[in-house]
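Student: Here is a model I would like to go through with you. Could we begin with the sheet and then turn to the helices and the ligand?

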Amino acid sequence: MIEWGMISLILPTYNEAKNIPLLVPLVSQFLAEIKHEIIIVDDNSPDGTALEARKLSRAGFPVKVIVRKYERGLASATVRGFEASKYPILAVMDSDLQHNPKYLPLLYKAIQNGAQMAIGSRYTKGSAFDNWPLHRKLISKLALLVTRPLCKVKDPLGQFYMVRKDLIKDVKFEKKGLRLSLEILVKMNFTNVVEIPIKLEDRHAGESKVLSFKSAFKELKMTLVLYLWKYGRYIPQILKQGIYNWAIKGL
Ligand SMILES: Nc1nc2c(ncn2[C@@H]2O[C@H](COP(=O)(O)OP(=O)(O)OP(=O)(O)O)[C@@H](O)[C@H]2O)c(=O)[nH]1
Ligand SMILES: [Mg+2]
């Protein structure tokens, strides 16, 4: 029997020391009625993010801090958080205040009402991100087009979601790339995903880590890995293995 009122929220961080002292109290405010833990997975940020996280823990917030010394990467950090979680609903959001924690109760409600996964969606009726420059909107739309044959969800790429842990416990994650939500959706092929419209805010402090040609190329390679996962049975095994080895290398 799953106790639905319990959420493990994973906050992956890299240089978010100025953001998490604002974000964590807001999360706890919006989740005040729901038992929760906040797992901060920090990749040894030089700006002292882990120190700030530990301060929050000492101040009484339900914060667990994991520092990875020898690993980097958003997807693998999120999976590390999943592994350390103790509650049956997993939640993931950015730590830079782009994802407003006011949506957490809505995502939770969708799960309570039977959704296998609930997504804070930038591309469903009622969503907004007016503040984005045109070129970012175009890149984002292009990325969505590329993923369209992989899953039907309108926004599989934004990293703001809740998912039932029991459903994804056997997924073998690649632990590469940035968009773990896409990997979950492709590998699980869920039939009941609810998209909650969100307004995407501007990053509060600090700098984006993912906005570069290098990470866009890596994301394309990771998407290719997921294409192989979904459609690889249509090509010879040896070719599939070769493409996989090339794509996964350097991610
Ligand atoms: N642990 C860990 N967290 C990361 C890593 N890269 C990014 N993050 C975190 O993942 C979240 C999203 O990263 P951002 O750089 O904000 O990416 P984004 O929101 O897609 O891009 P912007 O809109 O430009 O901010 C933030 O909370 C980051 O701190 C990483 O290598 N390791
Ligand atoms: Mg961001």
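Tutor: Two strands pair if DSSP finds at least two bridges between them. This is a predicted model.

Student: What is the order of the strands in the open sheet of seven strands?
Tutor: Pairing in this sheet is mixed. Strand 3 (63–67) and strand 7 (193–197) each pair on one side only, as edge strands. Neighbouring strands are turned against each other by 20 degrees on average, direction ignored. The order is 3-2-1-4-6-5-7.

Student: In which sense do strand 1 and strand 2 pair, parallel or antiparallel?
Tutor: Strands of a sheet pair through backbone hydrogen bonds, in one of two senses. In this pair, Pro 12 stands opposite Val 41 in strand 2. Strand 1 and strand 2 are joined over eight bridges, and the sense is parallel.

Student: At what angle does helix 4 run to strand 6?
Tutor: Helix 4 (residues 104–112) lies across strand 1, strand 4 (89–92), strand 5 (117–121), strand 6 (161–164) and strand 7. Helix 2, for its part, lies across strand 1, strand 2 and strand 3, at about 155 degrees to strand 3. For helix 4 and strand 6 the angle is about 25 degrees.

Student: What is the handedness of the crossing of helix 1 and helix 2?
Tutor: The axes of helix 1 (residues 20–30) and helix 2 (residues 49–58) come within 10 Å and cross at roughly 35 degrees. Helix 1 makes the contact with Ile 20, Pro 21 and Val 24, and helix 2 with Thr 49, Glu 52, Ala 53 and Leu 56. By class these residues are five nonpolar, one polar and one charged. The crossing is right-handed.

Student: Which residues come nearest to ligand 1?
Tutor: At least two residues of the shell come from each of strand 1 (6–13), strand 2 (35–42) and helix 3 (74–84). The shell has seven nonpolar, five polar and eight charged residues. Of the 20 residues around ligand 1, the nearest are Pro 12, Ala 77, Ser 95, Ser 208 and Lys 209.

Student: What is the radius of gyration of the protein?
Tutor: The protein has nine helices and seven strands. For 251 residues the globule rule gives 18 Å, and the protein comes close to this, so it is as compact as a globular protein of that length. Along its principal axes the C-alpha trace spans about 55 × 40 × 35 Å. The radius of gyration is 18 Å.

Methods: Residues numbered from 1 in each chain as written. Chains lettered and ligands numbered in written order. Predicted model: local features only at pLDDT ≥ 70, side-chain atom pairs only at ≥ 80, totals over all residues. Axes fitted to C-alpha atoms, helices over the stretch in contact; angles between N-to-C directions. Helix = DSSP H or I, 4+ residues; strand = E, 2+ residues; numbered from the N terminus. Left-handed = near helix turned anticlockwise from the far one by under 90°. Contact = placed C-beta atoms within 7 Å. Nonpolar A, V, L, I, M, F, W, Y, C, P; charged D, E, K, R; others polar. Near = placed C-beta within 6 Å. Rg over C-alpha atoms; globule rule 2.2 N^0.38 Å.
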